[in-house]
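Here are my notes on the model you sent, as numbered points. Please read them alongside the coordinates.

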Amino acid sequence: MSEDVVTNGAAAIHLIILALSVVASIVAGILVYRDAKVRDYNPFVWGLLFPLLGLLSLRNPIQVAIILVVGIPAYLLLRPKGEIKACPHCSGKYIDELAFCPHCKKEVKKECLKCHDLADLDEARCPHCGAPMLMYEGRESRH
Ligand SMILES: [Zn+2]
Ligand SMILES: [Zn+2]
């Protein structure tokens, strides 16, 4: 009888570990997807990678833990870095490097007429050559 209790206990612990592995892989997938989206960095590939590898390694929770412990820092190392800004059109977040918003696909940069470098839409002067720039008046008012 006491053996039954032990077996049930082990089964319950196994189930809890299994559930934790699934939840951890899915949460990692969602967080990485959202971060990759901001950086326009293959969000679907990165977002699916962790839940998929997690599901494939479900028989071995230690493997799931290793995938997360190694995979997340690897992603953080590989991802494009930059200052995070809010899109002037949809207020979605994006990194500085991008010329188009990853959420609404509209331009978030304008071109300097003098040096042809790109600057933020709200910039009054080109940060590169100092030439005055056309003011951003909103997409709708431009014909
Ligand atoms: Zn946007
Ligand atoms: Zn310029």
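1. Read along the sequence, the chain runs α-α-α-β-β-β-β, that is, three helices and four strands. Helices (H or I, at least four residues) and strands (E, at least two) are DSSP runs, numbered from the N terminus. The radius of gyration is 23 Å, well over the 15 Å that the globule rule gives for 143 residues, so the chain is more spread out than a compact globule. That radius is taken over C-alpha atoms, and the rule is 2.2 Å times the number of residues to the power 0.38. Along the principal axes, the C-alpha atoms fill a box of roughly 85 × 30 × 20 Å.

2. This is a predicted model, in which local features need pLDDT of at least 70 and side-chain atom pairs count only at pLDDT 80 or more, while totals for chains, interfaces and linings use all residues. Residues are numbered from 1 along each chain as its sequence is written, with chains lettered from A and ligands numbered from 1 in the order in which they are written.

3. The domain assignment gives domain 1 (2-78) and domain 2 (82-143); such bounds come from an automatic or database assignment. Their C-alpha centres lie 38 Å apart. The contact between them takes four residues from domain 1 and six residues from domain 2, where two residues are in contact if their C-beta atoms, placed from the backbone, lie within 7 Å.

4. Of the 143 residues, 15% count as buried. The cut-offs, for C-beta atoms placed from the backbone, are 20 or more other C-beta atoms within 10 Å for buried, 12 or fewer for exposed, and partly exposed in between.

5. The largest nonpolar core has eight residues, among them Trp46, Leu49, Phe50 and Ile67. Each of α1 (2-38), α2 (43-56) and α3 (61-78) supplies at least two residues of this core. A second, separate core of six residues includes Cys87, Tyr94, Leu98 and Cys101. A nonpolar core here is a set of buried Ala, Val, Leu, Ile, Met, Phe, Trp, Tyr and Cys residues joined through C-beta atoms within 7 Å.

6. Two backbone angles deserve a look. Most residues other than glycine have a negative phi. Asp40, in the loop between α1 and α2, has a positive phi of about 50°; with 18 C-beta neighbours inside 10 Å, Asp40 counts as partly exposed. Lys105 has a positive phi of about 65° and lies in the loop between β2 (93-95) and β3 (109-111). Lys105 is exposed, with 12 other C-beta atoms within 10 Å.
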